[in-house]
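User: Could you walk me through a model I have open? I'd like to start with the rings and then go on to a helix and a loop.

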Amino acid sequence: APKCATSSLQALLIRHPDIFMCTPKEPHYFSSDLPGLSEAASAEAYGALFDAAPDGACLGEASAFYLMSQDAPARIFAANPNARIILSLRNPVDASRSWYHQLRDGFREDQTTFEASWALQDARARGDQLPSYCREPKQLQYREIYSYADQVERYFQIFGRDNVLVLLFEDIKSS
C-alpha cells in the first residue's frame, strides 16, 4: 500500500545481486482498474522495463496500488503463477494521513485538511469535487486504500499464503 515502506523495500531488493527491480518503481501495469496510474500501456512496454535485467535474475517492481486493485492479483497470477508477493502494511490512520500529505505536495489533492479530504470520499467516488489534476480519482479514496483485510485475502486466495509475505511498516522501519 502507498506510504507503507514500498520505497524502502525496493531499495533493499535492488541491493540483492539476483534481483532486478524495474524503473519506474511503480509501473502499475497489472492494475487495469486504476488506469490513471499506468506507466506501461502495453505488455511490450511493460516487458521493456526489464530489458536491462541480467540473465536469470528475479524480476520485480513495487507498484503500491496493486494491493487496492481488484484486477492486479489475478492479472499478476495469469502472467506469472509462480510470482512471490510482498505486501507492506502500516497503521491505516498513519498511512492515510501520510498519503494525504504526499497528494497535497504533488497537487493531486486540493483540500487543505485531511479531515476535509476524508469527508469528500463519497462525493469523489461519484466523480464530484475532484481536484483539477488527479490522474486517478481512486487515489482519493483513503478508506478503501487502507482497508487491508479483503485486499490481503485476495492475494492469499490467488497465490496461496506460502507465496505472500506480509510485512508491517514498523518492522521494516526498525530493521
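Predicted model: local features only at pLDDT ≥ 70, side-chain atom pairs only at ≥ 80, totals over all residues.

**Aromatic rings**

Analyst: The count comes to 13 aromatic pairs, where rings of Phe, Tyr and Trp (its six-membered ring) pair if their centres lie within 6.5 Å, and planes under 30 degrees apart count as stacked, over 60 as edge-to-face and the rest as tilted. Residues are numbered from 1 along each chain as its sequence is written, and side-chain values use heavy atoms, with hydrogens and water left out.

User: How far apart are Phe114 and Trp118 in helix α5?

Analyst: They are 4 residues apart in α5, which means that about one helical turn separates them; helices here are DSSP runs of H or I with at least four residues, and strands are runs of E with at least two, numbered from the N terminus.

User: And is Phe114 buried or exposed?

Analyst: Phe114 is buried, at a relative accessible area of 9%, whereas Trp118 is partly exposed at 33%. Buried means under 20% relative accessible area, exposed over 50% and partly exposed in between, with a 1.4 Å probe and protein chains only.

User: OK, switching to α4: which residues are buried there?

Analyst: Ala95, Ser96, Trp99, Tyr100 and Leu103 are buried in α4. They cover an arc of only 140° around the axis, so they lie on the same side of α4, the arc being that of the directions from the helix axis to the C-beta atoms. Val93 and Asp105, on the other side of α4, are exposed.

User: What covers the buried residues of α4?

Analyst: The cover includes α5 (114-119), α7 (142-145) and α8 (148-159), with contact meaning heavy atoms within 4.5 Å.

User: Last one, where is Leu67, and what is it in contact with?

Analyst: Leu67 is in the loop between β2 (58-60) and α3 (72-79), and Leu67 is buried, with a relative accessible area of 3%. Leaving aside neighbours within four places in sequence, Leu67 is in contact with Ala1, Leu87, Leu89, Tyr148, Gln151, Val152, Arg154 and Tyr155. For Val152, the separation from Leu67 is 85 residues in sequence and 7.2 Å in space, C-alpha to C-alpha.
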